[in-house]
Amino acid sequence: MKNRWFDLLAPWYDVLFSRLNSSRLTSILDLPEGGLLLEVGGGTGRVLQTFNNLSSRLYLLDVSPGMLRQAALKPGINPIQATAEKLPIHNRSFESVLMVDAFHHLARQEQALAELWRVLKPGGRLVIEELNIHNFPVKLIAWGEKLLLMKSHFWAPERIGNTLELMGTDVQIVKEGVNCWVVASKQNSRCRSGE
């Protein structure tokens with residue numbers, strides 16, 4: 001049911017959910033010049049396209065064929081159809097991994113976090129931007145998504161951060177208004193075997 005919503009919204013998504021200011025996300029992501037960037041759950045690529053001049057290659061992963069068709073129309077974006085819980089990507093492939101307003105849509109969130117971490121290179125950065133469920137307006141959004149049968153699961157930013165810390169990283173949580181960013185950097189000395 002959830003994928004059908006996104007397939008139906010795809011042609012109008014960029015207009016309905018335009019991103020006017022991405023400077024905050026750009027500063028938090030701190031993309032290394034020329035590095036590979038993966039956005040997971042990136043939909044139409046409305047966020048990823050803002051990094052077109054900062055990265056040598058942009059990859060967008062989404063499960064919705066309708067969203068990926070729209071993303072493929074944007075220059076420099078390489079679309080991949082898959083789920084966040086099972087990324088068809090080699091270990092340690094990307095300098096930066098990004099997920100914007102998509103984490104609450106995932107079916108198996110802990111598994112997805114492990115996958116995001118797996119494909120991140122040592123020295124790389126993972127940034128998850130989500131609505132902060134501690135804020136009352138976000139609770140209303142969560143309730144609305146349940147009414148639409150979207151099966152969303154909003155995690156508190158601290159829960160996302162704690163899960164990443166168990167994987168062996170230091171996490172920074174930035175809160176601003178209804179948004180929050182969970183930022184994890186993969187240090188060379190903290191990589192476990194198999195990552």
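Colleague: Is arginine 118 buried or exposed?

Modeller: Arginine 118 counts as buried, at 17% relative accessibility. The cut-offs are under 20% relative accessible area for buried, over 50% for exposed and partly exposed in between, with a 1.4 Å probe and protein chains only.

Colleague: And before I go on, what kind of model is it?

Modeller: This is a predicted model, where local features need pLDDT of at least 70, side-chain atom pairs count only at pLDDT 80 or more, and totals for chains, interfaces and linings use all residues. Residues are numbered from 1 along each chain as its sequence is written, and side-chain values use heavy atoms, leaving out hydrogens and water.

Colleague: Thanks. Which residue forms a salt bridge with arginine 118?

Modeller: Glutamate 115 does, with the closest N and O atoms 2.8 Å apart. A salt bridge here is a side-chain nitrogen of Lys or Arg within 4 Å of a carboxyl oxygen of Asp or Glu. Glutamate 115 is buried too, with a relative accessible area of 15%.

Colleague: Where do glutamate 115 and arginine 118 lie?

Modeller: Both are in helix 5, 3 residues apart, about one turn of the helix. An α-helix has 3.6 residues a turn, so residues three or four places apart point the same way. Helices (H or I, at least four residues) and strands (E, at least two) are DSSP runs, numbered from the N terminus.

Colleague: How many salt bridges does the structure hold?

Modeller: It holds 3. One of them joins the side chains of lysine 121 and glutamate 95, at 3.0 Å from N to O. That pair links distant parts of the chain, with lysine 121 in strand 5 and glutamate 95 in strand 4, 26 residues apart. Lysine 121 is partly exposed, at 28% relative accessible area.

Colleague: What about glutamate 158?

Modeller: Glutamate 158 forms a salt bridge with lysine 175, their closest N and O atoms being 2.6 Å apart. Glutamate 158 is in helix 7 (residues 157-165) and lysine 175 in strand 6, so the pair ties together parts 17 residues apart in sequence. Glutamate 158 is partly exposed at 30% relative accessibility, and lysine 175 is partly exposed at 44%.

Colleague: Staying with helix 7, which residues there are buried?

Modeller: Pro157, Ile160, Gly161, Thr163 and Leu164. They cover an arc of only 160 degrees around the axis, which puts them on the same side of helix 7; the arc is that of the directions from the helix axis to the C-beta atoms. The buried residues of helix 7 pack against helix 5, strand 5, strand 6 and strand 7, where contact means heavy atoms within 4.5 Å.

Colleague: Now the sheet. What order do the strands have?

Modeller: The order is 3-2-1-4-5-7-6, in an open sheet of 7 strands with mixed pairing. Two strands pair if DSSP finds at least two bridges between them. Strand 3 (77-81) and strand 6 (171-176) are at the edges with a single partner strand each, so one side of each has no neighbour in the sheet.

Colleague: How many bridges join strand 1 to strand 2?

Modeller: There are 5, and the two strands run parallel. Leucine 37, for instance, has leucine 58 in strand 2 as its bridge partner.

Colleague: Last one: where does pLDDT stay under 50?

Modeller: Over residues 190-194. pLDDT is the predictor's confidence in each residue, from 0 to 100. The chain mean is 85, and 84% of the residues reach 70 or more. Where pLDDT is low, the predicted coordinates should not be read in detail.
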